[in-house]
Amino acid sequence: MKTIITVILLGAISLGLHAQNFTLKGHFTDIADDTLLIEYVRREPDKRVVSERIPVDSNGFFNYSCDIKWAYNAELTVKSNGYKSHIFLVPGESAEIEGPCAYWKINGTAFYQRMDSINQMLHPFYKEFDAAKSEYDKGMADGLDKAVLDSIKKAANMDINKRMWKVTHQYITEHPNDEISAAILLSQDYTDILPAIRMLSPKVRNGRFRNYIDIIDNMFSRLDKEIKAKKSEN
């Protein structure tokens with residue numbers, strides 16, 4: 001009887017370990033005693049929105065783990081200030097984030113170390129977006145013409161996007177066998193997204209990001225057909 005119980009307990013422990021194939025550890029340096037909302041659309045076995053409220057302790061630390069089959073792009077929202085950021089949850093990987101909630105650095109397994117390198121390349125662009133928004137908000141507070149401010153902000157954002165898109169597209173072109181290329185597919189001009197998907201190696205295209213890539217492929221394939229159909233009507 002003792003042997004049977006031992007086997008059952010070992011089986012339960014084994015299942016428990018298997019059940020958590022992704023872990024996220026975090027340390028926010030600018031918030032404490034807070035709540036972090038983690039949300040993503042899960043597609044196995046059925047499509048559903050996963051929404052988890054994770055406590056952030058008095059020193060800014062938090063932990064999260066889950067069992068997933070595919071890589072998911074999760075949105076992180078800090079309850080106290082509403083700040084939103086994103087991170088890919090990737091099966092078989094462990095991530096560690098640290099820093100202010102607006103510009104944290106990411107570490108962990110090799111995938112996340114490479115992801116942090118890309119994030120550091122893109123952070124200057126994100127800061128430019130924030131600066132453009134601050135200028136817009138200041139202009140609105142000062143009572144300046146909204147139409148003029150909208151035009152200035154739109155032009156600034158387009159300039160920033162074009163420069164950022166060039167950086168991400170170059171990375172994908174040079175790294176078709178890296179899953180990071182799948183993770184940054186949407187960080188480029190929409191006209192480059194489908195060609196970029198076709199560039200990905202079979203290993204990446206059919207790997208842990210397959211579900212995510214399929215969604216993007218279907219979405220932009222439909223968009224491409226609609227655009228071509230409208231052009232043929234004119």
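Helices (H or I, at least four residues) and strands (E, at least two) are DSSP runs, numbered from the N terminus.

Now, the model. It is predicted, so local features need pLDDT of at least 70, side-chain atom pairs count only at pLDDT 80 or more, and totals for chains, interfaces and linings use all residues. Residues are numbered from 1 along each chain as its sequence is written, and side-chain values use heavy atoms, with hydrogens and water left out.

First, the overall picture. The protein has seven helices and eight strands. Its C-alpha trace spans about 80 × 50 × 30 Å along the principal axes. There are 234 residues, and 38% of them are buried. Buried means under 20% relative accessible area, exposed means over 50%, and partly exposed is in between, with a 1.4 Å probe and protein chains only.

Next, the pockets. We work on a 1 Å grid over the protein atoms alone. A cavity is a set of points where a 1.4 Å probe fits but cannot get out. A pocket is an open set with protein on both sides within 12 Å along at least five of seven lines. Lining residues have an atom within 4 Å of a point. Grid points are joined across faces, edges and corners, and a volume is the space filled by probe spheres set on the points.

The largest pocket holds about 790 Å³ of space. Its lining has 24 residues. Which of them lie nearest its centre? They are Lys84, Ser85, His86, Asn119 and Tyr126. Strand β6 (84-89) and helix α2 (110-141) each supply at least two lining residues. Helix α2 gives the most, with eight. By class, the lining of this pocket divides into 15 nonpolar, six polar and three charged residues. For the classes, Ala, Val, Leu, Ile, Met, Phe, Trp, Tyr, Cys and Pro count as nonpolar, Asp, Glu, Lys and Arg as charged, and the others, Gly among them, as polar.

Ile87 counts as buried, at 4% relative accessibility. From Ile87 to Asp137 is 50 residues in sequence, and 27 Å in space, C-alpha to C-alpha.

On to the second largest pocket. Its space is about 340 Å³. It is lined by 16 residues, and nearest its centre lie Tyr40, Val41, Arg43, Asn73 and Tyr212. β2 (34-42), β5 (72-78) and α7 (210-233) each give at least two residues to this lining. Helix α7 gives the most, with five. The lining has ten nonpolar, three polar and three charged residues.

Look at Arg210 in helix α7. Arg210 is partly exposed, at 34% relative accessibility. Arg210 and Ala71 are 139 residues apart in sequence, yet their C-alpha atoms are 8.1 Å apart in space.

Now the helix packing. Two packed helices are described by the angle between their axes and the distance between the axes. Here, axes are lines fitted to C-alpha atoms, for helices over the stretch in contact, and angles run from 0 to 180 degrees between N-to-C directions. Helices α2 and α3 (residues 146-174) pack at about 180°, with axes 10 Å apart. So α2 and α3 are roughly antiparallel. The cut-offs are these: under 35 degrees is roughly parallel, over 145 roughly antiparallel, 65 to 115 roughly perpendicular, and the rest oblique. The contact of α2 with α3 has 15 nonpolar, four polar and five charged residues.

Last, two loop residues. Glu93 lies between β6 and β7 (94-99). Glu93 is buried, at 11% relative accessible area. Its side chain makes a polar contact with the side chain of Thr109, at 2.4 Å. A polar contact is a pair of N or O atoms within 3.5 Å; within protein, one must be able to donate a hydrogen and the other to accept it, and residues adjacent in sequence count only if both atoms are side-chain atoms.

Asp33 lies in the loop between β1 (22-28) and β2. Asp33 is exposed, at 62% relative accessible area. Most residues other than glycine have a negative phi. Asp33 has a positive phi, near 45°.
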